[in-house]
Amino acid sequence: GGWLLLQNCHLGLEFLNELMDTITTKESMSEDFRTWITTEAHPEFPINLLQSSIKFTNEPPQGVKAGLKRTYSAVTQDLLGVSKMPQWKPLLYAVAFLHTTVQERRKFGPLGWNIPYEFNQADFAASVQFVQNHLNDVGIKHGVNWSCVRYMLGEVQYGGRVTDDLDKALLNTYTRVWFGEHMFSEKFCFYKGYVIPKGNTVEDYLQYIEQLPVIDTPEVFGLHPNADITYQTNLANETFSTIVSIQPKDSSTRGGETREAVVQRLADEMLEKLPPDYNPHEVKAQLQKMGAFQPINIFLRQEIDRMQLVISRVRTTLTDLKLAIEGTIIMSEELQDALDNIYDARIPKLWFRISWESTTLGFWFTELLERNQQFSSWLQDGRPNQFWMTGFFNPQGFLTAMRQETTRMNLAKGWELDSVVLYSEVTKMMKEDVVGPPPADIGGVYIHGLFLEGAGWDRRNSKLIESAPKVLFTSLPVVHVYA
């Protein structure tokens with residue numbers, strides 16, 4: 001009749017089958033017996049054990065109100081009265097607010113933290129213990145040593161997890177702005193409407209937390225209001241993606257046309273538009289005309305090789321998929337994945353592995369045609385005046401080739417590749433305005449297709465400005481990159 005707790009079962013998957021057998025074949029078992037299992041999500045976890053279990057997940061609370069409520073629900077009256085120092089209760093609340101903020105910022109992805117950290121209750125408990133010990137040590141006469149408090153919170157308790165320099169700077173900014181003598185003044189607030197409440201009991205604090213807004217603006221965490229658009233968009237996409245992936249995969253859909261017929265029609269359309277394969281002999285001949293050993297032409301050769309791989313993979317998959325639908329060949333697991341994804345307008349895994357990110361299959365296929373157009377016209381008509389840099393597989397390699405080219409042009413001046421650095425200047429031209437290559441005395445390349453996220457661009461004064469409300473991406477004019 002006891003309870004059994006097995007922890008971290010993703011590390012002992014072989015044992016779980018044995019456990020399942022033991023539980024299912026046991027003739028008599030106490031009504032009060034329970035087996036608890038803790039595990040990380042794992043693709044090889046026995047599905048029959050998973051299906052016969054009751055699942056519990058402990059999700060972090062959403063929003064400042066829910067976060068503070070959860071924190072203060074665990075705070076006891078004894079903890080609140082543990083120190084006679086007047087700074088204790090406001091400091092406890094400020095640490096709770098910091099704890100909620102660092103957790104909430106994770107939902108904004110790379111806008112919140114460059115690296116997602118697992119901040120948890122242990123960080124909060126350790127911080128509270130430190131503040132308590134510090135106040136006991138300094139006493140009322142000396143007051144709080146703020147540089148010590150900021151250092152311990154920003155560099156040790158929470159900062160101990162942080163490995164990115166910019167994330168560390170962010171944490172230290174929070175501690176600098178929120179922790180100091182100014183936090184006890186009447187005017188202090190974390191953000192408009194979010195203040196440190198005054199109270200003597202846990203109930204007082206919970207009452208104040210109860211009247212906080214349920215949905216917070218990103219400005220509470222020091223983010224631009226547009227950050228919420230990204231979060232909401234990602235959340236909606238994830239939800240729809242989940243809904244689509246669990247739709248029944250039967251052969252026919254209402255309206256007559258079967259899934260297979262829809263995919264077959266799409267496959268025909270794509271095969272019709274798919275560019276022809278590159279002829280290796282023609283590619284070699286064209287490159288020799290342009291100078292096969294010039295760094296930028298070596299780069300073009302590498303890009304064409306990768307493009308050819310994508311074109312041939314797409315052609316093979318679509319041809320095989322049509323045959324499988326007709327019943328000529330067996331529908332393999334990979335072809336089934338292609339069928340499901342093409343029907344849902346998503347990129348088949350086979351293609352995605354060797355290509356680029358895109359939101360839908362339609363955008364992805366259009367980009368395939370546009371990327372291929374850039375390579376084939378470069379090959380046929382010679383070096384273009386400007387390059388669509390985001391249409392390369394290896395944009396970094398393109399810039400390196402340009403550096404090598406500039407270094408070779410200036411060998412007589414004693415230039416060395418290691419000491420040549422890149423400069424970029426945003427011009428006032430849009431891509432339609434470019435009529436020739438960059439000036440010969442400066443060299444370099446004109447590139448287009450770059451976007452700014454989270455900022456706007458003032459074309460008249462050539463400088464960064466705040467992005468307009470509800471505008472996530474701003475297209476940049478042509479950029480002149482030289483070395």
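Let's start at Trp-351: setting aside neighbours within four places in sequence, this residue is in contact (heavy atoms within 4.5 Å) with Met-270, Arg-313, Val-314, Thr-317, Leu-318, Ile-342, Leu-361 and Trp-364. Keep in mind that the model is predicted, with local features needing pLDDT of at least 70, side-chain atom pairs counting only at pLDDT 80 or more, and totals for chains, interfaces and linings using all residues. Residues are numbered from 1 along each chain as its sequence is written, and side-chain values use heavy atoms, leaving out hydrogens and water.

Trp-351 also belongs to the largest nonpolar core, which has 52 residues; Trp-351, Trp-364 and Phe-398 touch the most other members. Such a core is a set of buried Ala, Val, Leu, Ile, Met, Phe, Trp, Tyr and Cys residues joined through side-chain atoms within 4.5 Å, where buried means under 20% relative accessible area (1.4 Å probe, protein chains only). Helix H13 (residues 295-326) gives the most to this core, 12 residues.

How far apart are the end C-alpha atoms of H13? They lie 47 Å apart, which agrees with the 46 Å that its 32 residues should span at 1.5 Å a residue, the expected span being 1.5 Å times one less than the number of residues. Helices here are DSSP runs of H or I with at least four residues, and strands are runs of E with at least two, numbered from the N terminus. After H13 comes Gly-327, with a positive phi near 90 degrees.

Now for the strands. Four of them form an open sheet of mixed pairing, in the order S3-S5-S10-S4; two strands pair if DSSP finds at least two bridges between them. At its edges are S3 (386-388) and S4 (423-426), each pairing on one side only. S4 runs antiparallel to S10 (residues 479-482), joined by four bridges, and Glu-425 stands opposite His-480 in S10.

Note on methods. Buried < 20%, exposed > 50% of the residue type's maximum accessible area, 1.4 Å probe, protein only.
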